[in-house]
Amino acid sequence: MRNILITGGAGFIGSHVVRLFVNTFPSDKIYNLDALTYAGNLENLKDIEDAANYEFVHADIQDLEKLTAIFSDKKITHVVHLAAESHVDRSITDPLAFVKTNVLGTANLLQVAKEAWKNDFSNTLFYHVSTDEVYGSLGNTGFFYEGTAYDPRSPYSASKASSDHFVRAYYHTYNLPVVISNCSNNYGPNHFPEKLIPLMINNIIHNKPLPVYGEGLNVRDWLFVLDHARAIERIFSKGTIGQTYNIGGHNEWTNIDLVHVLCDTMDEKLGRTKGDSRKLISYVKDRAGHDLRYAIDATKLQNELGWEPSLQFEEGLSKTIDWYLSNTDWLENVTSGDYRKYYEQMY
Ligand code: NAD
Ligand code: DAU
């Protein structure tokens, strides 16, 4: 039996990964370690909270002592590490919070795993979930490959790049069995409405301005969150130790085209006149250091492990909008209190 520690499991992607692992590996124990920051929400996991092979552990990855006790008490054998500060805009206003959680927190976990497992690395794995933003910004053509040189340009991506380097350092120096994946932009249910897609959906629902940075011509490569979770499960089960796998949707959109699709789809679903929501679009000051384009080449993952995205974007987007429209309580919960302050400061 494996004792699998998933960090950040109360967040957006983490909650989908926890659910998938709980259902896919009934004879393993899944521990969800999360500090429950503004982005962590146990409501995301209501449907599996009573599963026999699931347990929540409230902890901060900055707390080395607590991590050491958890590894020893729970006899952790595997780690899937997602806990992070994840929003680029927040990293611009508070970069040190990103250093503390993403760099120091990851180094803490690596150190605790190495110490706990050092006498026998067999049947152990440290899986680090990272981002395509570590590769920097593309021009109008080309893709990010696993061998693309790192060139992070925001405090968020610099902190993730640094954590990736620490993971590789523990592999090379101590033989810690590691695997890393770098994924493009996710979307789907439970996405916190500070990020582009859920923020636009929430604002369209409430007829609020839709803040598009700059000219809206930056390009992102969007992947449905469950497809990312499936890729993580595949790499966790079949990936080669020491390797990196890129995960992406081959699905590039300029922000403004994407916002147009969201407006038109929501007009239809909400019974509004076509064109109404587009009138809410408001071009605002650009993000500092805004990366122009991300695009992942996921051929290695496809060829070696047989993974590919299962959903077309239009279908995924429609499902996502439907989820938000039927989970307005969830949206209201996460946008009360601190979110209001954040929103006023940001926009
Ligand atoms: P999120 O912000 O929705 O969730 C992060 C989770 O981590 C939250 O539950 C939060 O409470 C927890 N957390 C934060 N700081 C913590 C700490 N110090 N100790 C313990 N828990 C802490 O993030 P997400 O979008 O789900 O991203 C998850 C991971 O995937 C991150 O590592 C991110 O870099 C990576 N990633 C995200 C995307 C994306 O499009 N969202 C794409 C590629 C990679
Ligand atoms: O590429 C993977 C990364 O994708 C992840 O590592 C990050 O955790 C995740 O947050 C995401 O980063 P982005 O910065 O690409 O996502 P965000 O949703 O913040 O922004 C997407 C694009 O939309 C980006 O070009 C900025 C723009 N934008 C964003 C917001 C919030 C706007 O125009 N207006 C907005 O209000």
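Predicted model: local features only at pLDDT ≥ 70, side-chain atom pairs only at ≥ 80, totals over all residues.
Start by selecting ligand 1 and the residues around it. The shell holds 29 residues, and the closest are Ile13, Asp34, Ser86, Tyr156 and Lys160. Colour the shell by class: 14 of its residues are nonpolar, 12 are polar and 3 are charged.

Four elements each supply at least two residues of the shell: helix H1 (12–24), strand S5 (125–131), helix H5 (155–174) and strand S7 (185–187). Which element gives the most to the shell around ligand 1? Strand S5 does, with 3 residues.

Now select Lys160, one of the closest residues to the ligand. A polar atom of the Lys160 side chain is 2.7 Å from an oxygen atom of ligand 1.

How much of ligand 1 does the protein cover? On its own, ligand 1 has 840 Å² of accessible area, and the protein covers 96% of it.

Last, select the cysteines Cys183 and Cys263. Are they buried or exposed? Cys183 is buried, because its relative accessible area of 3% is under the 20% limit. Cys263 is buried too, with a relative accessible area of 0%. A disulfide is a covalent bond between the sulfur atoms of two cysteines. With a cut-off of 2.5 Å between the sulfur atoms, the model has 0 disulfides.

Notes:
Residues numbered from 1 in each chain as written. Chains lettered and ligands numbered in written order. Heavy atoms only, no water. Buried < 20%, exposed > 50% of the residue type's maximum accessible area, 1.4 Å probe, protein only. Near = heavy atom within 4 Å. Polar contact = N/O pair within 3.5 Å; in protein donor to acceptor, adjacent residues only side chain to side chain. Areas by Shrake-Rupley, 256 points an atom, 1.4 Å probe, with all protein chains shown as cover. Nonpolar A, V, L, I, M, F, W, Y, C, P; charged D, E, K, R; others polar.
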